[in-house]
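Subject: Structure for you to look at

Dear colleague,

Here is the structure that I promised to hand over, and below it you will find notes on what turned up. Please keep the model open while you read, so that you can follow each point on the screen.

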Amino acid sequence: MAIQSGPLQRPLAVMMCRTLCTVSPDATLLEAAKLMRDAKVGALLVQEGRHYSGLVSESDLVRKGMAESRPAQETLVRAVMSSPLLSIESASSAHEASEKMAEHGIRHLAVSDDGQIIGIISVRDLLRYFKNWGGL
């Protein structure tokens, strides 16, 4: 693999969303959907105590909740969340994040710095970056 240079090496720390929106695994899907709507985000970190046990996304709500006729007012986030939480180091490139998302079939990745989650990057963030600053 060729070594990347230029705009693709821009660290994810610059592109990611630093606001960590969280939800309890014991929240209902309806509560999670309302949190996403209000925060204008497509995914929430699932927080248990002081650690993040997974992530719940709009796709999880639709594919694992609604499409399986689960009642949103009764089904808990833990039933549909993606776990374990996948992450990538903040110094990684947009290209590396894109590859990891494609490899795992996901649209959101937690971004970590020395093992601590510091943000989330989405496919939309990467598309915006590639459109404005560089190609794939």
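In which helix do Arg128 and Asp125 lie, and how many residues apart are they? Both belong to helix H5 (residues 123-133), where they stand three residues apart, about one turn of the helix. Helices here are DSSP runs of H or I with at least four residues, strands are runs of E with at least two, and both are numbered from the N terminus.

Before going further, please note that this is a predicted model, in which local features need pLDDT of at least 70 and side-chain atom pairs count only at pLDDT 80 or more, while totals for chains, interfaces and linings use all residues. Residues are numbered from 1 along each chain as its sequence is written, and side-chain values use heavy atoms, with hydrogens and water left out.

Confidence

The average pLDDT of the chain (the predictor's confidence in each residue, from 0 to 100) is 89, and 90% of the residues score at least 70. Over residues 1-8, however, the pLDDT is below 50, and beyond near neighbours in sequence this stretch has 12 contacts in the model, a contact being heavy atoms within 4.5 Å. Where pLDDT is low, the predicted coordinates should not be read in detail. Among the elements of the chain, the lowest mean pLDDT, 82, belongs to helix H1 (residues 12-15), and the highest, 98, to strand S1 (residues 22-23).

Salt bridges

The whole structure holds five salt bridges, each defined as a side-chain nitrogen of Lys or Arg within 4 Å of a carboxyl oxygen of Asp or Glu. One of them joins Arg128 to Asp125, with the closest N and O atoms 3.4 Å apart. Asp125 is buried, with a relative accessible area of 14%, whereas Arg128 is partly exposed at 45%; buried means under 20% relative accessible area, exposed over 50%, and partly exposed in between (1.4 Å probe, protein chains only).

Another salt bridge pairs Arg78 with Asp26, whose closest N and O atoms are 2.8 Å apart. Arg78 lies in the loop between H3 and strand S4 (87-89) and Asp26 in the loop between S1 and H2, so this pair ties together parts that are 52 residues apart in sequence. Arg78, at 40% relative accessibility, counts as partly exposed, and Asp26, at 47%, also counts as partly exposed.

Leu76 is likewise placed in the loop between H3 and S4, and it touches Pro25, Asp26, Ala27, Thr28 and Leu29, if residues up to four places away in sequence are not counted.

Helix H3

In helix H3 (residues 58-65), the residues Asp60, Leu61 and Gly65 are buried. Seen down the axis of H3, these buried residues fall within an arc of 100 degrees, so they line one face of the helix; the arc is that of the directions from the helix axis to the C-beta atoms. Helix H2 (29-39) and strand S3 (51-57) are among what covers them.

With careful wishes for your reading,

A colleague
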